[in-house]
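Student: I am new to this structure. Please show it, and then I will ask about its parts.

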Amino acid sequence: MNEPVTVPTALLVMEEERRADVYPPEVLAGIDGLVDWQGPPLTRQQLADDPSVLRRVDILLTGWGAPVLDAALLGHAPRLRTVLVAAGSVRHLTTPAFWERGIPIVSAAAANAVPVAEFTLAQVLLGLKQVHRIARDVASSRRFPRDVAVPGAYRSRVGLLGLGHIGRLVAAHLGRFDVDVFATDPVASPETAREAGVRLIGIEELFATCHVVSLHAPLLPETRGTVGARLLNSLGPGATLINTARGALVDEAAAAQVLRARPDLTAVLDVTHPEPPAHDSPLFDLPNVVLTPHLGGAMGAERHRLGLLVLDELRRFTQGLPLQHAINPAHAASLA
């Protein structure tokens with residue numbers, strides 16, 4: 001006689017503001033068919049007020065505003081078997097106590113990478129045409145320049161600092177164009193670079209020789225402030241720096257000095273440190289700085305992709321199939 005199938009119990013915990021974007025009705029309907037809900041969705045604070053709700057939870061679904069998975073919280077969740085995060089980074093919510101439990105955790109970084117890579121591609125192509133620089137010149141001179149010299153998207157050089165999810169996806173997009181793509185990533189293997197269609201070079205060569213440099217490295221103690229005056233000053237005339245990764249990768253005080261002295265350069269900063277910049281930050285005043293408020297990441301309907309990834313992973317989990325987007329604990333410390 002077959003044993004009855006036990007349906008796992010799930011709980012959704014994340015901030016209310018973005019919940020409907022990440023878990024739209026069609027995603028929730030799919031989840032409904034796979035689990036029994038322990039209760040209604042909660043915020044992190046509501047869970048902290050009554051963590052005992054976790055005692056029967058097998059699957060924790062979350063996203064932005066996720067609870068920190070520390071020993072205190074895990075003590076209330078003896079049945080927890082997996083955590084599915086409809087967001088990119090899990091560094092802020094995982095702890096040694098969590099990793100010791102051996103619970104698999106899924107990140108939707110691959111889904112969040114899609115709009116960031118699209119935003120980056122657009123800025124790379126604009127940078128190769130030096131659109132922002134020329135637009136500044138046109139506005140100040142009130143004239144159209146003749147015979148503008150720009151690299152364009154033919155045999156020009158694009159540099160990627162980092163070959164994670166987003167860096168590799170940007171490289172894949174650029175593979176459709178007649179440009180040479182280079183990368184600096186101390187943990188990327190030659191095989192990874194070859195599969196991504198890029199050539200690995202040192203960071204000094206990356207900045208000194210590429211017409212556009214785009215940052216995609218994780219923020220770690222050793223990467224904080226990596227892009228400072230020396231590297232920025234080595235950029236060629238009219239070069240563009242793009243940062244959609246983490247603001248603190250750039251030494252912003254040094255960058256402001258270089259950009260003030262080098263009006264030919266353009267910095268497209270979709271992330272800053274702090275975010276937003278301080279009210280008196282020179283980044284607001286420099287004409288060759290393009291500031292955008294984290295537009296590269298998933299917004300609005302783009303966030304549906306994150307929930308769909310979680311739904312697919314939940315389906316695999318309930319069917320006993322391997323998870324495709326589980327974080328390898330050995331690599332967790334080096335992820336964004």
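Tutor: An open sheet of five strands pairs in parallel, in the order 2-1-3-4-5. Strands (E, at least two residues) and helices (H or I, at least four) are DSSP runs numbered from the N terminus, and two strands pair if DSSP finds at least two bridges between them. This is a predicted model, in which local features need pLDDT of at least 70, side-chain atom pairs count only at pLDDT 80 or more, and totals for chains, interfaces and linings use all residues. Residues are numbered from 1 along each chain as its sequence is written, and side-chain values use heavy atoms, leaving out hydrogens and water.

Student: Which residue in strand 3 is the bridge partner of V13?

Tutor: Strand 1 (residues 9-13) and strand 3 (residues 59-62) pair in the parallel sense over four bridges. In strand 3, the partner of V13 is T62.

Student: Is V310 buried or exposed?

Tutor: V310 lies in helix 13 (residues 304-318). Beyond its neighbours within four places in sequence, V310 is in contact (heavy atoms within 4.5 Å) with Y23, L61, L84, V85 and A86. Buried means under 20% relative accessible area, exposed over 50% and partly exposed in between, with a 1.4 Å probe and protein chains only. V310 has 0% relative accessibility, so V310 counts as buried.
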